[in-house]
Amino acid sequence: MEKSISCHKCYEEITYKEDLVTAVKFFTVVPYHTDCFAIDSYRSFRGLGPLNGFRGIIVIAIACLFIVTSLVEVVNGDLSFLSIVIFWLLLVYAIIYSYWKYERHLKELPDQYY
Ligand SMILES: [Zn+2]
């Protein structure tokens, strides 16, 4: 299922997964071309960085570790870890939302471009 996805900076269509970078900007997840993200993040606040691709998988793995260990502390009665759990859950939500809304609709770059 393909859907037209426009870059947040240049408003042109993003065609391939490899050219997509998603990032959190003003509490929303927005899509960029790789080059447009580099220019935009250079000029303004970087935020959380790219959410999709390999980095997103690593962040989800780290988040799962923090969520499980912090939830153990919360269950044991230390509610100060609750904010850590909420932060990581929001980050995981943003990554899953990024995949669901943008990344799954794009096609892979054909082999001859590698
Ligand atoms: Zn662009």
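Colleague: Of the contacts between residues at least 6 apart in sequence, what share join residues at least 24 apart?
Modeller: That's 59% in this protein. A contact here means two C-beta atoms, placed from the backbone, within 7 Å. Keep in mind this is a predicted model: local features need pLDDT of at least 70, side-chain atom pairs count only at pLDDT 80 or more, and totals for chains, interfaces and linings use all residues. Residues are numbered from 1 along each chain as its sequence is written.

Colleague: Okay, and what pattern does the protein follow along the sequence?
Modeller: It reads β-β-β-β-α-α-α. Those are DSSP runs numbered from the N terminus: helices are H or I with at least four residues, strands are E with at least two.

Colleague: How do β3 and β4 pair?
Modeller: Strand β3 (residues 20-25) and strand β4 (residues 28-33) run antiparallel, with six bridges; pairing takes at least two bridges found by DSSP. For instance, V21 has Y32 in β4 as its bridge partner.

Colleague: What's in the turn of that hairpin?
Modeller: Two residues sit between the strands, and F26 in the turn has a positive phi of about 50°.

Colleague: Switching topic: where is I67?
Modeller: I67 is in helix α2, residues 53-75.

Colleague: Why does I67 count as partly exposed?
Modeller: Because I67 has 19 other C-beta atoms within 10 Å. Buried takes 20 or more other C-beta atoms within 10 Å, exposed 12 or fewer, and partly exposed is in between, with C-beta atoms placed from the backbone.

Colleague: And which residues does I67 touch?
Modeller: V85, W88 and L89, leaving out residues up to four places away in sequence.
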